[in-house]
Amino acid sequence: MKQDYYEVLGVEKNATANEIKKAYRKKAVQNHPDKNPGDSAAEDRFKQAAEAYEILSNADKKTKYDQYGHAAFENGGAGGGGFGGMNMDDIFSQFGDIFGGHFGGGGFSGGFGGGSRQARVKGSNLRIRVKLELKDILNGVTKKVKVRRKVKADGVTYSTCTSCNGQGSVMRITNTILGRMQTATTCPTCQGSGKSVNHRPKGSDAHGLITKEEMVEIEIPAGVTDGVQLKVQGKGNDAPGDGIPGDILVVIQEIQHEKLKREGNNLHYDLYIGFPQAVLGATKEIDTLTGKVRIKIEEGAQSGKILRLRGKGVQSLDRYGKGDLLVHINVWTPKKLTKDQKEFFQKVENHENFIPQPSSSEKSFFEKVKDMFS
């Protein structure tokens, strides 16, 4: 069985984001391959720490992990996780920024005992916003969007940067009161890539990149919420040399439905009925995201009554079930009456059947709301 992520990093379940970050940095430094050459166990611990940090540093993924454990990310569960198929450069490019000067441009560039791992710069990320209707969120959808990204120009060639000899970083020596201090900084010539442009095609920038429009397919899983951020790996801006592309960060914007209101995975529908229908009962047909549904309203229906249609809500993002559709009954009181109608109500106004007499089983509005969320 996989080890608990909190145990991997040595933090409590209520640890803050900063504490989780510090714990990961400490574990990664202890088990870094350059400090433990040839030690496969240390390399495994290094990967485990990266996997744990990838989940616990993301608020949405951390919530799912706290609720469902490792099962939340198995069998295609949302969010992903795990570095079993990733190499060291992938981990360095994704989390290198938290190690300060030891990393240049997202890629590893030396440090931790004088290692000589060559840099792999990661291209910059792109951020886009995708608007979704509730019906798309219900089932998941594939969206095609046009993005402008930087790619390597046709014919561009690179050579080893002469300023850093391909390492991506240069050593700087500073005189201090404690003596001479040596630090590694990102090479200003190649920006950490270890490569410089040998042949630069016309129209490309200083790194041999041009801006190009491309259509990108984005797979959006069912159950996403407004503001959630998805990642399309490798579809951001290219990096110069043999660097790896950045990602596209997709921010979801949910379009408000005309009749249905969403609350988590539950949907709410306000159904208005006339006074005679409340007294005599009725059968009503309402629109849901999966088609029309007929519901029966019993005689003597009270305003505020909630009918629950189980499984008619939104699919959970972690695929553990669906929410419900909650139909709120609202009795419509007429604002204008004819003379005959007024006379009828004046006759029955004081009749015992028209005097409110709620029984102990009749729950208040607040009790209904409490039951709904229990």
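Visitor: Is Phe 345 buried or exposed, or partly exposed?
Guide: This is a predicted model. In it, Phe 345 has a relative accessibility of 30%, so Phe 345 counts as partly exposed.

Visitor: And what about Phe 344?
Guide: Phe 344 is partly exposed too, at 45% relative accessibility.

Visitor: How many aromatic pairs are there?
Guide: The count comes to six aromatic pairs. One of them is Tyr 5 with Tyr 65.

Visitor: Why is that pair called tilted?
Guide: The ring centres of Tyr 5 and Tyr 65 are 4.7 Å apart and the planes stand at 35 degrees, so the pair is tilted. Planes under 30 degrees apart would count as stacked, and over 60 as edge-to-face.

Visitor: Which parts does the pair tie together?
Guide: Tyr 5 is in helix 1 (residues 5–9) and Tyr 65 is in helix 4 (residues 59–68), so the pair ties together parts that are 60 residues apart in sequence. Tyr 5 is buried, with a relative accessible area of 4%, and Tyr 65 is buried at 5%.

Visitor: Back to Phe 344 and Phe 345: how do their planes sit?
Guide: Phe 344 and Phe 345 form an edge-to-face aromatic pair, with 75 degrees between the planes and 5.2 Å from centre to centre.

Visitor: New topic. Which residues are on the covered face of strand 10?
Guide: Leu 230 and Val 232 are on the covered face of strand 10 (residues 229–232), while Gln 229 and Lys 231 are on the uncovered one.

Visitor: In what sense does strand 10 pair with strand 11?
Guide: The two strands pair in the antiparallel sense, over four bridges. Val 232 has Ile 248 in strand 11 as its bridge partner.

Definitions and conventions: Residues are numbered from 1 along each chain as its sequence is written. This is a predicted model: local features need pLDDT of at least 70, side-chain atom pairs count only at pLDDT 80 or more; totals for chains, interfaces and linings use all residues. Side-chain values use heavy atoms; hydrogens and water are left out. Buried means under 20% relative accessible area, exposed over 50%, partly exposed in between (1.4 Å probe, protein chains only). Two strands pair if DSSP finds at least two bridges between them. Rings of Phe, Tyr and Trp (its six-membered ring) pair if their centres lie within 6.5 Å; planes under 30 degrees apart count as stacked, over 60 as edge-to-face and the rest as tilted.
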